[in-house]
Amino acid sequence: MTVTAFLTDSTLCIGCKACEVACKEWNQVPGDGFIWSGNSYDNTGALGHSTWRHVKFVENGVTPGLGGNSPEAFSWGFSSDVCKHCENAGCLEACPTGAIVRTEFGGVFVQPDVCNGCGYCVVACPFGVIEKDEQDGRAFKCTFCYDRQRDGLHPACASVCPTESIKFGNLDDLRAEAHGRIEKLKSMGFDDVQLYDPVDSSVAGTHAIFIVRGDPGTYNMPPKPEVPTIYLRKGWTSAAIASGLMLAATLFAFLGGRRA
Amino acid sequence: MSEPRQQKSDGPTNLSDLREARLEEIRQHAQRAALQPAPKLDGLTLHASPETGYYEMPILKKPQWKSEIPLYFFCGGTAGASAVIAAIAGITGSDERLARDARALAAIGGIVSPALLIADLGMPSRFLNMFRVFKFQSPMSVGSWTLMAFSSNTAAAAFLSTWQQRFSLAKPFRILQTAAQLISALTGAVVSSYTGVLVGATAIPVWNQNAAILPLHFAASGMAAAGGLLELRGHNSPALNAIGLITSLGESAVGVSIELRKNHALKPLKSGSSGWLTRIGGFFSGPLPLILRLLSFGAASNRKKKLRKIAAASAVAGSLATRFAWTHAGSVSAKDTPLLLHGASNALAQKH
C-alpha cells in the first residue's frame, strides 16, 4: 500500500466549493445550517464535525495584474482546508478507546462504531479539526475517504476538483511536485509562494500539504503545530511528585499530630 | 478596441508594438490604482491577515466538556485524597473514627466520579469502550483504568472495614482489607493528580503551558477539599489542620507563580471572567484558609474550632471554583489565535 496524501494548491483554487459539496455527498455529512457569516463568501467558517473540507476566502489588497480584468479590484486568495492527517496525530494518541486508528494509507481514521464521545481528541488536535457532534454524541472528521481508497478510488474532494487544485497521490511524489510547482510559480514572479508542510514540528509532517501565497497565518495555519504528547513527560513527572508529596505530607501530618 | 483594428493594415510589426503599448497602459493604470489605499469599512473590520489570522476565527476547538468534567475533577480529587487520609489514619492508628469517615468519603466519591464521567460521554452506553485498550500515551486511558481500580478497591475497603467493626473478619479477609486499603490509597494519589496531566497534555495553550504545575496544583486542591470536608464533618484533628496548612501554603504558591509569570498564554487566568474565577478560587484555596489557620493557633479553644471550620469551608469552595476556573480558562485560551500564530513573546508585544 502506498502512503497517500493531499496536495492542495491554493494558487489554482477558484473557490467553487465543489470539494465541500462532494465530501458531504459521498460521506453523507449533515448540513451546517444556513448561516450568513459575512466573512467574504465563506459561510462554513471552519473545519468541524459537519465540515470536512472547508474553502477559505481571503480578500487581499489590490495587486497590479492580479485583480482580474479590473485593476481596481482586490485579488482573491482561496484555499481548501482539510484534516492534516498528522504523522504524530494528537487525536489518535489521546483517544482512550482506540477508536482513532492509522489506516494502511497513512491516514487517521475515526471508527464511528467504537467512539464513545469522550471529547478528549477535540482538545488534543493542534489544528482544531476534529469536533464532537453534540446531537450525535460522537467525534467526526475527514476520513481521507478510507472507503474509496480501499477500492482504489481517489477521495471525493480530489476527484471533483475542477482545477486540480486538490491533488491526491503518493506523499513523496506530491512533495516533489509541490517543490517543482513552487519553482515554476517563482519564475513567473510569484515571490511569496510557499509550501505549508510542518515537518520540523513535533507532528513530524502531515498527509495534507498546501501551497499558499503569503503568510500561511492568514489562512489560520499554525506555524508551529505541536502534538500534545510532548507535554506528557512534564505532566507525569509532576504527578509522580504530587502523589509522593500527598502520601508524605499526610504521613507527616498524622505522625506529627500523634506526637503533639 | 477600435484603434488596433484600424491600424491592422499597417502590418504585423506595428500591431505587436500597439499590443505592448496597450499592455504598458494597463500596467500604469494598475500601478496608479494600487497606490490608492483600499477602502476601509469601519464596523466591518474583520478580515484575514497574518496578524489576526483568518477572520479572527479560533485555530483550536474549545473543550466540549460539560460541567460534569470540572465537577469530576473536584469529586475525583477529593475522593483520591480522602483515600490517602483513610489509609494513613488507619495505619498510624491515630484516629479510627476519622479513618472510617475518610473511607466513606472516598467510597462515595469513587461512585459519583465514574457516574459524572459517564454522564458527560456523547454515548454513555459505550462507556465500557474505555476498557478496550490501555494506552500509556493517553492520560484519559490511564485515568479510566486507575479510576476503575480506585473505585472498586475503595468500595471493598469501606465494606470490609464496616463488616469488621460490626462483626469480625477472618484472617484472609483482613489481608484482603489491608490490600484493598493500600491499593485505594496508592491509586487515590494518582486519581487526585492525573487530571492535571490530562488537562496539561492538550493543544490548549493555557493548559499545556502549565503542564508541570497542574498535577501538583490539582493534588493539593483535592487534598485541601478532602481535609476540609472531614473537618466540616466534625473532626477537630490536628492532623487535618496540618493538611489544611500545607495545602493552603501550596495553593498560595501556585497563585503567586501564576500572577508573577509573564507568559501571554496565562492571560485567561488573569483577565476576563475566567481570570476572576481563577483569582476567587485561588483566594479561597490559598491565602484565606492559610491566614485563618495561622490565626487559630493563638485563639481560645472555641474560637479555634470556629476559625478552622471557616478555613475548611473556604478551602472546599476554593477547590470547586478552581476546577471550574481552569476549565473555563481552557475555552478562552482556545480562541487566542494571535498567540498560536506568533508565539507567546510576540503576541504579548503586539497586545501592548
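This report walks through a predicted model of two protein chains, from their overall make-up to a few single residues.

Residues are numbered from 1 along each chain as its sequence is written, chains are lettered from A, and ligands are numbered from 1, in the order in which they are written. As the model is predicted, local features need pLDDT of at least 70 and side-chain atom pairs count only at pLDDT 80 or more, while totals for chains, interfaces and linings use all residues.

## The two chains

Let us start with the secondary structure. Helices (H or I, at least four residues) and strands (E, at least two) are DSSP runs, numbered from the N terminus. Chain A has 7 helices and 10 strands, and its C-alpha atoms fill a box of roughly 90 × 40 × 40 Å along the principal axes. Chain B has 13 helices and 0 strands.

The table below sets out burial in each chain. A residue is buried if 20 or more other C-beta atoms lie within 10 Å of its own, exposed if 12 or fewer, and partly exposed in between, with C-beta atoms placed from the backbone.

| Chain | Residues | Buried share |
|---|---|---|
| Chain A | 260 residues | 49% buried |
| Chain B | 352 residues | 50% buried |

Contacts come next: two residues are in contact if their C-beta atoms, placed from the backbone, lie within 7 Å. Among contacts with a separation of 6 or more, residues 24 or more positions apart account for 62% in chain A and for 75% in chain B.

## Where the chains meet

Chain A brings 68 residues to the contact between the chains, and chain B brings 74 residues. On the chain B side, at least two residues each come from α2 (12–35), α3 (68–92), α5 (139–166), α6 (171–200), α8 (214–232), α9 (238–260) and α13 (337–351). The helix that gives the most is α6(B), with 8 residues. By class, this side of chain B has 47 nonpolar, 22 polar and 5 charged residues. Here Ala, Val, Leu, Ile, Met, Phe, Trp, Tyr, Cys and Pro count as nonpolar, Asp, Glu, Lys and Arg as charged, and the others, Gly among them, as polar.

## Two domains in chain B

Chain B is assigned domain 1 (67–201) and domain 2 (203–352), with bounds that come from an automatic or database domain assignment. The C-alpha centres of these domains of chain B lie 23 Å apart. Their contact takes 24 residues from domain 1 of chain B and 27 residues from domain 2 of chain B. On the domain 1 side, α3, α4 (96–120) and α6 of chain B each supply at least two residues. Here α3(B) gives the most, with 10 residues. The domain 1 side divides into 12 nonpolar, 10 polar and 2 charged residues.

## A nonpolar core

A nonpolar core is a set of buried Ala, Val, Leu, Ile, Met, Phe, Trp, Tyr and Cys residues joined through C-beta atoms within 7 Å. The largest one has 160 residues, and those touching the most other members are A:C91, A:C121, A:C125, B:V84, B:I85 and B:A102. Helix α3(B) provides the largest share of this core, 15 residues. Take B:I85 as an example: apart from its neighbours within four places in sequence, B:I85 is in contact with A:T250, B:A102, B:A226, B:G227 and B:L230.

## A sheet in chain A

In chain A, 4 strands form an open sheet in the order β8-β1-β10-β9, with mixed pairing; two strands pair if DSSP finds at least two bridges between them. At the edges stand β8 (166–170) and β9 (193–196) of chain A, each with a single partner strand, so one side of each is left without a neighbour in the sheet. Strand β9(A) runs antiparallel to β10 (residues 208–213) of chain A, and 4 bridges join them. One bridge pairs A:V193 with A:R213 in β10(A).

Most residues other than glycine have a negative phi. Where does A:K17 lie? A:K17 is in the loop between β1 (4–9) and α1 (18–27) of chain A, and its phi is near 65 degrees, a positive value. A:K17 is buried, with 20 other C-beta atoms within 10 Å. A:C145, in the loop between β7 (139–140) and α4 (146–150) of chain A, has a positive phi near 45 degrees. A:C145 is buried too, with 25 other C-beta atoms within 10 Å.
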